[in-house]
Amino acid sequence: MSAAQGLLDQIHGITSRPWTLMEVCGGQTHALLRHGIDQLLPEAISLIHGPGCPVCVTATERIDRALTLAEQPGVTLCSYGDMLRVPGSNGRDLRSLRASGADVRVVYAPLDVLDLARRHPERQVVFFAVGFETTAPATALLAQRALAEGLNNLQLLVAHVRVAPVLDQLLGDPACAVQGVLAAGHVCTVMGAGELQSLVRRHQRPVVITGFSAVELLEAILQCVQQLERGEKRLENAYTKAVAAEGNQEAQTLLAQVFEPIDTTWRGLGAIKGGGYRLRPPFDRLEQGALERNNTCHNVTTEAICPSGLVLQGLMRPNQCPNYGTLCTPDSPLGAPMVSSEGACAAYHRYQR
């Protein structure tokens with residue numbers, strides 16, 4: 001507590017004008033609200049909660065494809081728990097399909113899917129793979145092992161997304177109000193600092209890599225505000241205990257061997273250049289419902305009554321939505337940011353903002 005208070009005192013002492021910072025991780029959003037950091041910072045500092053939840057940004061057409069697959073006889077569809085509650089274009093979700101008899105299963109690691117396919121050769125097992133660069137290496141390992149074993153009953157529905165391209169697009173928007181970025185430490189643990197260094201050069205904004213505890217977040221906020229007050233624009237690593245400049249090179253090699261970047265749709269944000277992954281040959285034979293090979297993007301489909309795009313871009317705070325806390329709650333969510341345990345709307349509701 002004394003360390004956190006000392007950092008807060010320093011932030012208050014150096015803040016001389018308004019600054020707008022954006023964190024890019026749903027886990028960081030929850031930590032900022034859980035510890036009340038958003039309320040303890042100087043009033044001049046505004047926090048914007050960026051698109052840091054992969055479940056929230058999974059394209060509607062991917063979810064619709066998963067729903068269609070789950071309804072087919074002989075198919076077992078697997079994914080992480082939060083994905084079961086995200087609605088598709090018609091409001092249905094995987095959880096309701098499971099309740100009506102579909103074989104939809106929650107897994108905690110991609111290799112669980114490998115074991116399931118081995119034990120049930122009579123069924124077509126599909127893994128709905130979501131997440132940032134943090135979970136994509138484990139999916140890549142699953143693809144390698146499935147191909148090596150010649151498992152003909154295992155397929156992947158890939159919806160992995162990449163953080164740096166969406167940051168590049170958001171910061172390049174002339175309407176973007178973000179003056180400093182708190183980068184996601186877990187992604188940087190895998191990808192290193194190179195992509196972020198390029199962002200700093202292109203967009204001339206300070207970026208600070210940070211972790212998830214109260215002290216780590218406050219240290220990053222202090223470093224970011226110090227840069228802004230001095231007129232500096234650098235990449236700083238405030239999470240050195242986990243993040244090396246070169247990242248995890250074995251994981252990067254695995255990603256490069258199995259995946260290739262593609263333009264793709266982020267729910268609520270539209271088309272993001274280089275914003276996703278697809279399986280590259282020969283692993284693409286495992287792909288279920290692959291995106292078109294010409295890299296074109298579908299038009300984004302969002303809930304008509306859920307302004308998730310505004311929330312994900314930081315243009316609207318969750319509690320400014322007219323449906324927040326009334327028609328839209330974690331028990332009856334209208335959109336993905338309230339569904340996911342890492343979503344900004346769920347965080348606001350849980351911590352009573």
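Me: In which strand of this predicted model is Leu235 found?
Reply: The model is predicted, and in it the residue asked about belongs to a strand that covers residues 235-237. Leu235 is therefore part of strand S9.

Me: Is Leu235 buried or exposed?
Reply: The relative accessibility of Leu235 is 18%, and a residue has to be under 20% to be called buried. Leaving aside neighbours within four places in sequence, Leu235 is in contact with Ala193, Leu196, Gln197, Val200, Val207 and Ile209. Because its accessibility is 18%, Leu235 counts as buried.

Me: Which residues have the most contacts inside the largest nonpolar core?
Reply: This core has 85 residues, and strand S5, residues 124-131, gives the most to it, with six residues. A second, separate core of 24 residues includes Leu8, Ile37, Leu218 and Cys224. Inside the largest core, the residues with the most contacts are Leu94 and Phe128.

Me: What is the bridge partner of Leu77 in S4?
Reply: Strand S3, residues 75-79, and strand S4, residues 103-106, run parallel and are joined by four bridges. The chain passes from S3 to S4 through helix H6, residues 94-99, in a right-handed β-α-β crossover. Leu94 touches residues that include Leu77 and Val104. In S4, the bridge partner of Leu77 is Val104.

Me: Why do the buried residues of H13 line one face of the helix?
Reply: Helix H13 covers residues 249-258, and its buried residues are Ala251, Leu254, Leu255 and Val258. These buried residues pack against helix H8, helix H10, strand S10 and strand S11. They line one face because, seen down the axis of H13, they fall within an arc of 100°.

Me: Which residue caps the N-terminal end of H13?
Reply: The cap involves a side-chain oxygen that lies 3.2 Å from the backbone nitrogen of Glu250. The residue that supplies this oxygen is Asn248.

Me: Is Gln352 buried or exposed?
Reply: Most residues other than glycine have a negative phi, whereas phi of Gln352 is positive, near 55°. Gln352 is found in the segment after helix H16. Its relative accessibility is 71%, and so Gln352 counts as exposed.

Me: Which peptide bond is cis, with omega near 5°?
Reply: In general, most peptide bonds are trans. Pro282 is found in the loop between S11 and helix H14, and it is one partner in the cis bond. The bond in question runs from Pro281 to Pro282.

How values were computed
Residues numbered from 1 in each chain as written. Predicted model: local features only at pLDDT ≥ 70, side-chain atom pairs only at ≥ 80, totals over all residues. Heavy atoms only, no water. Core = buried A, V, L, I, M, F, W, Y, C linked by side-chain atoms within 4.5 Å. Buried < 20%, exposed > 50% of the residue type's maximum accessible area, 1.4 Å probe, protein only. Helix = DSSP H or I, 4+ residues; strand = E, 2+ residues; numbered from the N terminus. Contact = heavy atoms within 4.5 Å. Arc of directions from axis to C-beta. Polar contact = N/O pair within 3.5 Å; in protein donor to acceptor, adjacent residues only side chain to side chain. Pairing = 2+ DSSP bridges. Right-handed = clockwise from strand over helix to strand, strands pointing away.
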